[in-house]
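Dear colleague,

Please find below the structure that I am handing over to you. My notes on it follow directly after.

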Amino acid sequence: MKVLSAVGAAFLATVLQTGYSAATGSASENTMQYGVAATEYAATLPPVGFVRFCMANPKECAKYSMAERMGPARIAMTQAKWNLLYQVNTFVNSQIQPVSDQELYGQPEHWTYPATAGDCEDYLLLKKRKLEALGFPAR
């Protein structure tokens, strides 16, 4: 790949967080010593779509205690459970048409239970709801 300008180089360096300095045209000493630089901040915030979903559906986000949300580390996956998982996955995938939130709701991020169309987190929410109804733990 050819970088055609100093602006392009600076942008690429910023995106990749390589520690490259557009001003000096070189990698920082820290980057040269340790490889690609990364900055650690604080714990990440939940996605804005999730926050809005919980505000609109408080019972969905608060219906489990912390212990229930954490659930068992592992569940025994019997053939019957694998079959249920497969059936829910196949059913939801066949019933919900993939459409972006921007196309469907006119906004970049909107989490909801889909009726006929949705994007990735909408598929997830519906599959989670159906699996919980069949006895799978929330986690």
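Arg129 is partly exposed, with a relative accessible area of 39%; here buried means under 20% relative accessible area, exposed over 50% and partly exposed in between, with a 1.4 Å probe and protein chains only. The model is a predicted one, in which local features need pLDDT of at least 70 and side-chain atom pairs count only at pLDDT 80 or more, while totals for chains, interfaces and linings use all residues. Residues are numbered from 1 along each chain as its sequence is written, and side-chain values use heavy atoms, with hydrogens and water left out.

A search of the whole structure finds two salt bridges, a salt bridge being a side-chain nitrogen of Lys or Arg within 4 Å of a carboxyl oxygen of Asp or Glu. One of them joins Arg129 to Glu60, with the closest N and O atoms 3.9 Å apart. This pair links distant parts of the chain, since Arg129 belongs to helix α8 and Glu60 to helix α4 (residues 58-62), 69 residues apart. Helices (H or I, at least four residues) and strands (E, at least two) are DSSP runs, numbered from the N terminus. Glu60 is partly exposed, at 24% relative accessible area.

Arg129 also lies over the face of Tyr113, 3.5 Å from the ring centre; the criterion is NZ of Lys or CZ of Arg within 6 Å of the ring centre and within 35 degrees of the ring normal.

**Helix α8**

The other salt bridge is between the side chains of Glu132 and Lys128 (2.2 Å, N to O). Both residues lie in helix α8, four residues apart, about one turn of the helix. Glu132 is buried, with a relative accessible area of 15%, whereas Lys128 is partly exposed at 34%.

Among the buried residues of α8 are Tyr123, Leu125, Leu126 and Leu131. Their cover includes α3 (48-56), α6 (79-95), β3 (97-98), α7 (101-105) and β4 (117-118). Just after α8, Gly135 takes a positive phi of about 100 degrees.

**Aromatic pairs**

The whole structure contains two aromatic pairs. Rings of Phe, Tyr and Trp (its six-membered ring) pair if their centres lie within 6.5 Å; planes under 30 degrees apart count as stacked, over 60 as edge-to-face and the rest as tilted.

Phe50 and Trp111 form an edge-to-face pair, 5.7 Å centre to centre with 65 degrees between the planes. Phe50 lies in helix α3 and Trp111 in the loop between α7 and β4, so the pair ties together parts that are 61 residues apart in sequence. Phe50 is partly exposed (33%), while Trp111 is buried (17%).

Phe53 and Tyr113 form an edge-to-face pair, at 5.6 Å and 70 degrees. Phe53 is in helix α3 and Tyr113 in the loop between α7 and β4, 60 residues apart. Both Phe53 and Tyr113 are buried.

**Asp101**

Asp101 lies in helix α7. Asp101 is buried yet has no salt bridge, and the nearest side chain of opposite charge, Arg52, is 8.6 Å away; Lys and Arg count as positive and Asp and Glu as negative, with His and the chain ends not counted. Not counting residues up to four places away in sequence, Asp101 touches residues including Gln107, His110, Glu121 and Asp122, where contact means heavy atoms within 4.5 Å.

With kind regards
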